[in-house]
Amino acid sequence: QVKLVESGGGLVQAGGSLRLSCAASGPTLIYTMGWFRRAPGQDREFLAAIGRDTVTTDYADSIKGRFTISRSNAMNTAYLQINSLKPEDTAIYYCASSRNLGFPPPSYAYWGQGTQVTVSS
């Protein structure tokens, strides 16, 4: 069972930056890692994904240019750099992992518990 633990969330002022981390443990043969968020009263939203090659990426159009996904296979960790934060970025941010070879994967098998990001205006 893969375990994912997110960290790096917090309270930040609009315009600021955060780097979220997602540490994986357990059987870590993971292909794609992804980031999602759920804002209050809204559905879960896909943000970004990165393949095991650490180069292949996919982003939601809504966050392109402000969010950057990366990963370290040696550290079994994925990151999400968020710049120019806006109040509407306030949400719980989740990471997920997939063992599907395809990119982007049709589904994600493992999910973290999430980390809260709150952006004040």
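Trainee: Why does Trp111 count as partly exposed rather than buried?

Mentor: Keep in mind that we're looking at a predicted model. Trp111 has 28% relative accessibility. Buried needs under 20% and exposed needs over 50%, so Trp111 lands in the partly exposed class.

Trainee: Okay, on to the rings. How many aromatic pairs are there?

Mentor: The count is four.

Trainee: What makes the pair of Phe36 and Phe46 edge-to-face?

Mentor: Two values do the work. The ring centres are 5.5 Å apart, and a pair needs them within 6.5 Å. The planes sit at 70 degrees, and anything over 60 is edge-to-face, so that's the name this pair gets.

Trainee: Why is the aromatic pair of Phe36 and Trp111 called tilted?

Mentor: Look at the angle. The planes are 55 degrees apart; stacked would need under 30 and edge-to-face over 60, and the rest are tilted. Centre to centre, Phe36 and Trp111 are at 4.8 Å. This one also joins distant parts of the chain, with Phe36 in strand β4 and Trp111 in strand β10 (residues 110-111), 75 residues apart. Together with Phe46 and Tyr108, Phe36 and Trp111 make up a cluster linked by ring pairs.

Trainee: What sits over the ring of Phe36?

Mentor: That's the charged end of Arg44, 5.6 Å from the ring centre. The distance limit is 6 Å.

Trainee: Now the charges. How do you know that Glu45 and Arg37 meet in a salt bridge?

Mentor: N to O, they are 2.8 Å apart, and the rule asks for within 4 Å. In all, four salt bridges are counted.

Trainee: Which side chain meets Arg37 and Asp89's neighbourhood in the network of salt bridges?

Mentor: Glu45 and Arg66 both belong to that network, along with Arg37 and Asp89. Arg37 and Asp89 pair at 2.9 Å, N to O. Arg37 lies in strand β4 and Asp89 in the loop between β8 (77-82) and β9, so this bridge ties together parts that are 52 residues apart in sequence. Asp89 also bridges to Arg66, with the closest N and O atoms 2.8 Å apart. Arg66 is in the loop between β6 (57-59) and β7 (67-72), 23 residues from Asp89.

Trainee: Why does Arg37 count as buried?

Mentor: Its relative accessibility is 9%, and buried means under 20%, so Arg37 qualifies. Asp89 at 1% and Arg66 at 13% are buried by that rule too. Glu45, at 25%, is partly exposed.

Trainee: Last one: how do you know that Cys22 and Cys95 form a disulfide?

Mentor: Their sulfur atoms are 1.9 Å apart, and the limit is 2.5 Å. The count comes to one disulfide. The link is right-handed, with 55 degrees about the S-S bond. Cys22 is in strand β3 (residues 18-25) and Cys95 in strand β9 (residues 91-98), 73 residues apart. Cys22 is buried at 0% relative accessibility, and Cys95 is buried at 1%.

Notes
Residues are numbered from 1 along each chain as its sequence is written. This is a predicted model: local features need pLDDT of at least 70, side-chain atom pairs count only at pLDDT 80 or more; totals for chains, interfaces and linings use all residues. Side-chain values use heavy atoms; hydrogens and water are left out. Helices (H or I, at least four residues) and strands (E, at least two) are DSSP runs, numbered from the N terminus. Buried means under 20% relative accessible area, exposed over 50%, partly exposed in between (1.4 Å probe, protein chains only). Rings of Phe, Tyr and Trp (its six-membered ring) pair if their centres lie within 6.5 Å; planes under 30 degrees apart count as stacked, over 60 as edge-to-face and the rest as tilted. A charge sits over a ring if NZ of Lys or CZ of Arg is within 6 Å of the ring centre and within 35 degrees of the ring normal.
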